[in-house]
Amino acid sequence: MTPSVNIYQMTVGNREFLLADVARSAGIIGTTIVSGSPANDRLPLIELLYAADEALINLTRPAKGDEFSDKLVNQVNTINGCDENIKTILSTVGDNYFTYSQNMSKSLQPALEILSPGIYVCHEAKMIPSDGAGNFFWSGYTMKHEVSGTAVFNHAIGKESNYIPGFLIPTTNPAEFSDNKVKTQRDKLNAGKKIGGLALHLSGMFCALLDGHHSAAACLLNDTDFKCLVIEPLREVLYESAEAAAANGREPRIIALSCPFVKIPISEMPPAVLESFLLRRANALPRFYSELKKKAHKSIRIMSRKSIPKEIHLKAELLPDRSMIESAYAVTELTDEQLEALLAGEIKYDDKIIISQNYYNSIVTACNYLQYEDFERFLKFSFSIIDSPDLTATHKYVIERLCTITNKKINAYFIALLESNDPLYDDYKASMEAYVKSYSKFISDALADKESKAKKLNRAVGIIGGEISDANLAQMESFAKVNSRRS
């Protein structure tokens, strides 16, 4: 069967993307329901991401009737166990687009030709290589567990808002992590080349990373954005409001086709693609359905677990978490005047709801939004909340959030609170003491690491003595690299 893929360049609002109508394909990669059905609430709904006859990721939704309920997720197998041709096709997409500057349409064509038939939105996006809770994405899915943010629709963001599903679920075994492969990708970055990955949207805020696991680690270590070509199935529909329909004397109509990245008005859909959408919206059973069903409930086997470097885990902890991203998409702006109103215990400013009618939710969302968008304002706002005896109901959340961040200003603030002996903070004394102790160890370890690196570099470049400042350390590292190249 000859593949048939029609690609359209589109812009909706300020979002540019490719709209791909995969009419005929090899159907090697896709998702399928293997247990339960959307119309039957007796059994959990289990959906699989598959590649050929290999089940890769299991997504179980216990509360099928609730599109706002999170799912249980676990990795079933690795994409490296699939046919070599599949891996080759997937790996060339990112290389062609990011490294060799091939256009998006041409780069994605081979991958689209092996996806299951359907309508897809394709775009480039910055991804977050974590599980949304501060953990490096590659090592957290060997056991089935509920993953916050995997619900079809998000309570904070809503159905109508657009967002990038930037958190990742791996399709490669953690045991396949390679220091040498990460180094190869870092060498490309250091040489000024671009690297990236290929991701397929699964559910809610999460994508499966089909290729680019070592690139993600390299970008994290180099403090470089990890970008992917993202493919999102276009399956959901948005209806007009009941009020608008009633005003026209009819039942609510479909007004847009929806995926996280974009909501495409019906009026802007190419007629041929709209027809294809109506024909292919339902999940089609792949030809190897019976084999997949047998493998659906397995867990990935890790023959020899390799240790992912501690530095990667530490850097992953600094990435935006799910709550921050939710708030960033749910809130468009928070002015200083609105923040002052929140600090005064108000939910409105200028007679308009600032964030939510629930005051506690407003504080939580404001903190998350500011931490993502403007860290200095976040610190100022958080400290102001804790300083206020009228906002004690929010103290626990704000202090716990501050305790997840390694920062000298937070450390100094906690020390000041502890030294004040104010009974208002007695319930949080243990948490703040633990933070101060942890921060002291962090500084001590960092200093020891700096001194160790400096001593090694001193021997390498013949610099003896002198204060070990950051500037000197950077200079010595530079000299060491030059000498290394000469030798």
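Buried residues are those under 20% relative accessible area, exposed ones are over 50%, and partly exposed ones lie in between, as computed with a 1.4 Å probe on protein chains only. The legends below describe a predicted model, in which local features need pLDDT of at least 70 and side-chain atom pairs count only at pLDDT 80 or more, while totals for chains, interfaces and linings use all residues. Residues are numbered from 1 along each chain as its sequence is written, and side-chain values use heavy atoms, with hydrogens and water left out.

**View 1. Overview of the protein chain.** The protein chain holds 16 helices and 17 strands, where helices (H or I, at least four residues) and strands (E, at least two) are DSSP runs numbered from the N terminus. Of its 487 residues, 48% are buried. Among the contacts (heavy atoms within 4.5 Å) between residues at least 6 apart in sequence, 66% join residues at least 24 apart.

**View 2. Polar contacts of Thr-31.** Thr-31 belongs to strand S3, which spans residues 29-35, and because its relative accessibility is 9%, Thr-31 counts as buried. Its side chain makes a polar contact with the side chain of Glu-47 at 3.2 Å, and a polar contact of 3.0 Å joins the side chains of Thr-31 and Arg-235. A polar contact here is a pair of N or O atoms within 3.5 Å; within protein, one must be able to donate a hydrogen and the other to accept it, and residues adjacent in sequence count only if both atoms are side-chain atoms.

**View 3. Pro-117 in its loop.** Pro-117 is placed in the loop between helix H2 (104-112) and strand S7 (118-127), and with 37% relative accessibility Pro-117 counts as partly exposed. The C-alpha atoms of Pro-117 and Ser-276 are separated by 9.5 Å, although the two residues are 159 residues apart along the chain.

**View 4. Crossing of helices H9 and H11.** The axes of helix H9 (residues 322-330) and helix H11 (residues 359-373) come within 8 Å and cross at roughly 95°, so H9 is roughly perpendicular to H11. Axes are lines fitted to C-alpha atoms, for helices over the stretch in contact, with angles running from 0 to 180 degrees between N-to-C directions; angles under 35 degrees count as roughly parallel, over 145 as roughly antiparallel, 65 to 115 as roughly perpendicular and the rest as oblique. From H9 the contact involves Ser-323, Met-324, Ile-325, Ser-327 and Ala-328, and from H11 it involves Thr-365, Asn-368, Tyr-369, Gln-371, Tyr-372 and Glu-373.

**View 5. Aromatic pair of Tyr-163 and Tyr-329.** The structure holds 16 aromatic pairs, and the one formed by Tyr-163 and Tyr-329 is tilted, at 6.1 Å centre to centre with 55° between the planes. Rings of Phe, Tyr and Trp (its six-membered ring) pair if their centres lie within 6.5 Å, and planes under 30 degrees apart count as stacked, over 60 as edge-to-face and the rest as tilted. The pair links distant parts of the chain, with Tyr-163 in the loop between strand S8 (145-147) and strand S9 (167-170) and Tyr-329 in helix H9, 166 residues apart. Tyr-163 is buried, at 4% relative accessible area, whereas Tyr-329 is partly exposed, at 26%.

**View 6. Aromatic pair of Tyr-439 and Phe-442.** The ring centres of Tyr-439 and Phe-442 are 6.2 Å apart and the planes lie at 40°, so this pair is tilted. Both residues lie in helix H15 (residues 429-461), three residues apart, about one turn of the helix. Tyr-439 is buried, with a relative accessible area of 14%, and Phe-442 is partly exposed at 45%. Ring pairs link Tyr-439 and Phe-442 with Phe-383, Tyr-413, Phe-414 and Tyr-435 into a cluster.
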